[in-house]
Amino acid sequence: MSSVATSEANTAFPIPANVFAETVTAVKHYTDRLFSFRMTRPQSFRFRSGEFVMIGLPNAEKPVYRAYSIASPAWDEELEFFSIKVPGGPLTEHLQKIKVGDTVLMRKKPTGTLVHDALIPGKRLFLFSTGTGIAPFASVIRDPETYEKFDQVILTQTCRENAELNYGRELVENTKNDELMSEFVGDKLHFHASATREGETRGHRVTTLIENGKLFTDLAIEPLNPETDRAMICGSMAMLREIEGLLQARGFEEGANNKPGTYVVERAFVD
Ligand code: A2P
């Protein structure tokens with residue numbers, strides 16, 4: 001597939017030099033609150049798994065940009081994103097209506113803290129997410145380096161409703177069965193999904209499951225241990241704070257690109 005940036009002919013306004021204009025190749029709606037889309041990837045665009053970019057639409061002279069984690073792995077020839085639909089949200093109100101062939105703008109510089117470089121080596125990698133916070137981990141769990149660095153990868157996602165967990169379920173299934181990835185993943189990847197407002201897992205926030213130990217008994221794994229475990233966190237601010245508190249109480253220390261630690265947090269949000 002050609003990944004040459006689409007021409008300005010598709011856009012009503014000129015594209016600044018620090019912005020790529022890319023073409024949507026697929027859109028999938030999961031619920032009335034969540035959708036994913038894929039778009040062409042500029043040949044010159046490089047990123048590390050777990051990073052985010054600023055995304056906008058060519059619908060105004062000064063487009064609204066929001067931080068979006070890249071959900072696809074570095075080896076994918078396209079870029080994938082997983083988005084919330086915010087009623088009246090300045091970007092997502094329009095973004096949720098995109099169709100194949102439409103143009104999406106992307107600032108050229110990726111950045112972020114949910115990267116291997118910000119963690120010191122360990123044995124198990126915990127990836128804690130709520131809602132669309134799973135997006136950077138969709139990239140991380142499809143990166144062969146993750147399985148070269150860790151013996152076990154434990155992805156958790158908490159959403160309000162069961163249907164909101166389907167992106168993650170498909171992702172994990174596809175990753176385990178992928179021709180390229182299955183060889184790296186083996187039996188290392190675990191997924192714990194809970195819907196907090198319906199069904200059997202009602203009330204099961206991941207924070208509660210860490211505190212009462214159910215997360216570990218459910219997955220038949222050892223409890224958190226800062227000596228061997230590393231963690232990445234992405235989700236709502238309240239969830240980030242609570243998980244950070246739980247990790248810090250267990251002796252984990254926050255890392256950054258210039259000072260790796262035992263856990264990292266992403267504080268960039270969509271809408
Ligand atoms: P809950 O249904 O109990 O509020 P949201 O859609 O509001 O971003 O929430 C996504 C998921 O994150 C929901 O399952 C929600 O649970 C959960 N959640 C919200 N706040 C926290 C928190 N402080 N710690 C853990 N999970 C949380």
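1. Which polar backbone atom lies 3.4 Å from a nitrogen atom of the ligand? The atom belongs to A238, and the pair counts as a polar contact (N or O atoms within 3.5 Å). The protein covers 83% of the 550 Å² of accessible area that the ligand has on its own (Shrake-Rupley method, 1.4 Å probe).

2. A word on the source: this is a predicted model, where local features need pLDDT of at least 70, side-chain atom pairs count only at pLDDT 80 or more, and totals for chains, interfaces and linings use all residues. Residues are numbered from 1 along each chain as its sequence is written, and side-chain values use heavy atoms, with hydrogens and water left out.

3. For T196, a polar side-chain atom is 2.6 Å from an oxygen atom of the ligand; for R197, an N or O atom of the side chain is 2.6 Å from a ligand oxygen.

4. The shell around the ligand (residues with a heavy atom within 4 Å) includes R33, T130, C159, R205 and E242. By class, three of its residues are nonpolar, four polar and five charged. Helix α8 (237–249) gives the largest share, three residues (helices are DSSP runs of H or I, at least four residues).

5. You will find the ligand in the largest pocket, meaning that more than half of its atoms lie within 2 Å of the pocket's grid points. That pocket holds about 840 Å³ of space, and among the residues closest to its centre are T130 and G235.

Key. Polar contact = N/O pair within 3.5 Å; in protein donor to acceptor, adjacent residues only side chain to side chain. 1 Å grid on protein atoms, 1.4 Å probe; cavity = no way out; pocket = protein on both sides within 12 Å on 5 of 7 lines; lining within 4 Å. Helix = DSSP H or I, 4+ residues; strand = E, 2+ residues; numbered from the N terminus. Nonpolar A, V, L, I, M, F, W, Y, C, P; charged D, E, K, R; others polar. Points joined across faces, edges and corners; volume = space filled by probe spheres on them.
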